[in-house]
Amino acid sequence: MRAATLGLSHSPLIGKNDPATEVLAAVDAAVDAARGWVKKFDPELVVLFAPDHYNGFFYKEMPPFCLATGATAVGDFGSASGPLSVDNEAAVELARGVLDRGIDLTVSARMVVDHGFVQPLEVIFGGIDRIPVVPVFVNGVATPLCPISRIRALGAAIGEVAATMDRRVLFVGSGGLSHDPPVPVLEGAPPRVADALIEGHPPTAEQRAKGEERVVAAGRAYAAGDSSMIPINPAWDNEFLDHLEKNELAALDSWTVEWMGAQGGGSGHEVRTWIAAFAALAATGDYEVNSRFYHAIPEWIAGFAVATASPR
Ligand SMILES: O=C(O)/C=C/c1cccc(O)c1O
Ligand SMILES: [Fe+2]
């Protein structure tokens, strides 16, 4: 088995509320380089760690993480909809191996996923049905959240099982670093919102469009400095990337949920997807970071990063 890891931020505002041309060009160059790097690695299987934004997972049952043996995309924010090319056999093998290693994994045979999963598949592979994939949901918004040590343990267990497979496996973490978009919060929510967060009533096309317009407007206000959202925190983001680069994943165990929320905003917990992806690679041996790009992009409501890593 050969392994590699890609960390890639997502934002539903890409193409809808873009930053200045030179920032966009720098992001494009970093993403192009990552795409080329992936092509060269030529993965036979992608294990994709991504969050959900109340499109597939609701408080009726909210696991800290969940592996999909089958998955369909809802098509939010103009992203692709329909079935993902899930490698069912690999998914079952990974799930068994992770459970055997003492991680209380939940499994979904019909996971509903959103732009958090779809965007990296579209950006890197050109679609949601182009590469065998095992989607792994990592809760990054719905508190209470588990300790980081459990995310590391999940990633490590997946890496150990993947190492027994005779395939080139790419681990992908999909998430913004610090960011605080207007994702609803259950605590203190009015009854109608609380009910939607718990039950997950599928929105009408009109309701979805309205919600998405609200996020685009929030991006505009954020970029204009006219927002109460927690600002992007480049110092925290770079500290996080430094830990990944130095293979200091265990140091992240001391990062509490409360502290991370204060430093990185309500959706800063999406860095959990990166931690899982890097822990998976670390479980296969020592690694080195080959490339690292970071830019604070308020237009996209994202501390936006791209990083690639491979065995040393
Ligand atoms: O409202 C949503 O569903 C998500 C919004 C969002 C905005 C910016 C960065 C992200 O990672 C998001 O998920
Ligand atoms: Fe997100």
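A polar contact is defined here as a pair of N or O atoms within 3.5 Å; within protein, one atom must be able to donate a hydrogen and the other to accept it, and residues adjacent in sequence count only if both atoms are side-chain atoms. The structure is a predicted model, in which local features need pLDDT of at least 70 and side-chain atom pairs count only at pLDDT 80 or more, whereas totals for chains, interfaces and linings use all residues. Residues are numbered from 1 along each chain as its sequence is written, chains are lettered from A and ligands numbered from 1 in the order in which they are written, and side-chain values use heavy atoms, with hydrogens and water left out.

Ser 9 is placed in the loop between β1 (2-8) and α1 (21-41), where helices (H or I, at least four residues) and strands (E, at least two) are DSSP runs numbered from the N terminus. With a relative accessible area of 3%, Ser 9 is buried; the term denotes a value under 20%, exposed one over 50%, and partly exposed one in between, with a 1.4 Å probe and protein chains only. Gly 175 belongs to the loop between β9 (168-174) and α5 (191-199) and is likewise buried, at 0% relative accessibility. The C-alpha atom of Gly 175 is separated by 8.5 Å from that of Phe 304, although the two residues are 129 residues apart along the chain.

The loop between β1 and α1 also holds His 10, which is buried at a relative accessible area of 3%. The side chain of His 10 makes polar contacts with the side chain of His 53, at 3.5 Å, and with the side chain of Glu 270, at 3.2 Å. The side chain of His 53 places an N or O atom 2.7 Å from an oxygen atom of the ligand, and for the side chain of His 179 the corresponding distance is 3.0 Å. Of the 340 Å² of accessible area that ligand 1 has on its own, the protein covers 95%; these areas come from the Shrake-Rupley method with a 1.4 Å probe, and for residues only the protein chains shown count as cover.

The surroundings of ligand 1, taken as residues with a heavy atom within 4 Å of it, comprise His 10, Ser 11, Pro 12, His 53, Phe 77, His 115, His 179, Pro 181, Val 215, Glu 270, Trp 300 and Ile 301. This shell divides into six nonpolar, five polar and one charged residue, with Ala, Val, Leu, Ile, Met, Phe, Trp, Tyr, Cys and Pro counted as nonpolar, Asp, Glu, Lys and Arg as charged, and the others, Gly among them, as polar.

Backbone geometry was examined next. Most residues other than glycine have a negative phi, and most peptide bonds are trans. Phe 77, one of the residues around ligand 1, has a positive phi of about 50° although it is not a glycine. Phe 77 lies in the loop between β4 (71-74) and β5 (81-83) and counts as buried at 14% relative accessibility. A positive phi of about 60° occurs at Tyr 54, also not a glycine, in the loop between β2 (45-50) and β3 (65-68); Tyr 54 is buried, with a relative accessible area of 10%. The peptide bond from Thr 143 to Pro 144 is cis, with omega near 0°, and Pro 144 is located in the loop between β8 (133-138) and α4 (148-162).

Two further positions concern C-alpha separations. Leu 105, in the loop between α2 (88-100) and β6 (106-108), is buried at 8% relative accessibility, and its C-alpha atom is 7.2 Å from that of Ala 95, 10 residues apart along the chain. Asn 290, by contrast, is found in strand β10 (residues 287-297) and is partly exposed, with a relative accessible area of 36%. Asn 290 and Glu 245 are 45 residues apart in sequence, with a C-alpha to C-alpha distance of 9.0 Å.
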